[in-house]
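Hi,

Here is the structure I promised to pass on. Have a look at it first, and then read my notes below.

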Amino acid sequence: MDTSNANLGSNHSTPLLSNFDGAVSVDTYLKSLPSIYSPPMVPVIVAIYLSLVLVILPWYMAHRQPYKLQTFLHLYNVGQIMMNIGLCYMYTELMNYQPLKVWDNICAFVTSTNGANDDWVYLKIIQLVHMYCINKTLDLIDTIIFCLKKKHSQVTFLHVYHHVVMVLSSFITVYYLRVELSTTLIALNSLVHVIMYTYYFLSNLGPSVRKYLWWKRHVTKLQILQFLLALTLLGRLQMEGCKQASHYAVMWGFTVATVLFLFCDFYKKAYIKKTA
């Protein structure tokens with residue numbers, strides 16, 4: 001395994017991402033996963049999800065009363081909060097509790113922060129990205145809940161597209177485009193989701209609590225800010241000429257840019273036009 005590229009980010013000549021495609025621990029870890037997490041299963045998961053939320057559940061609920069799902073929603077929201085906090089902690093621990101040390105050596109900031117370029121660090125990176133993949137798959141439950149509660153107005157193109165593209169991009173990252181910047185983007189997205197699912201949890205407590213949740217629009221603002229920060233980091237990654245940067249930056253740049261556009265459009269229709 002080539003470890004000569006670990007410190008190239010500091011001299012700004014031609015910084016390359018440390019290559020951990022062939023790391024023994026990473027390959028062993030991925031091969032040990034259940035087959036449901038294998039690449040061929042990802043389009044199957046997406047196809048089942050789209051069939052459920054666009055065809056099967058709307059048909060099933062057509063002549064039924066909405067399910068309340070109160071207890072399940074409490075547990076689901078708390079579970080999402082805890083899992084996203086866990087992802088943030090995994091990133092912070094991986095960065096030796098220096099979570100903001102990303103800009104100086106964006107090509108290999110995780111390995112350089114750890115002062116090592118070995119299988120252990122690569123394994124921790126992949127475990128973090130893989131856990132994020134699981135979390136993005138669990139996010140699909142959001143839409144199923146909307147269908148069962150007959151909140152069809154919330155099953156929008158933005159909502160469905162956002163969930164599908166995040167699942168696809170996340171699995172491509174863990175199996176094919178292993179770039180260290182993924183860890184920062186994961187932590188950023190997970191932090192926003194902690195706040196978002198906290199809002200959902202409080203909202204689910206009923207009208208007595210919901211009337212105090214004046215900050216709903218600010219959650220959307222936070223999501224938009226997150227996308228802008230992600231695009232900035234992806235732009236820096238591309239400019240530095242890091243290994244695999246082009247494919248990674250194009251894929252995630254497209255993903256983030258399209259979702260950003262849809263969120264801005266939603267914010268404009270939901271908040272700006274209503275107050276105009």
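Predicted model: local features only at pLDDT ≥ 70, side-chain atom pairs only at ≥ 80, totals over all residues.

**What I found**

Since we're at α6 anyway: the helix covers residues 141-148 and is mostly covered, with six of its eight residues buried. The buried ones are Asp142, Thr143, Ile145, Phe146, Cys147 and Leu148. What do they pack against? Five helices: α2 (41-61), α3 (70-94), α5 (119-138), α7 (157-175) and α8 (181-203).

Now the nonpolar cores. The largest one has 68 residues, and Leu30, Ile106, Leu181, Leu237 and Tyr248 make the most contacts inside it. Helix α11 (residues 245-275) gives the largest share of that core, 12 residues. Another core, of 11 residues, lies apart from it; among its members are Leu73, Ile145, Met196 and Leu213.

On confidence, the protein averages a pLDDT of 87, and 89% of the residues score at least 70. The stretch to watch is residues 1-18, where pLDDT stays under 50. The model does have 46 contacts beyond four places in sequence for that stretch.

Cheers

Notes. Residues numbered from 1 in each chain as written. Heavy atoms only, no water. Core = buried A, V, L, I, M, F, W, Y, C linked by side-chain atoms within 4.5 Å. Buried < 20%, exposed > 50% of the residue type's maximum accessible area, 1.4 Å probe, protein only. Helix = DSSP H or I, 4+ residues; strand = E, 2+ residues; numbered from the N terminus. Contact = heavy atoms within 4.5 Å. pLDDT = per-residue confidence, 0-100.
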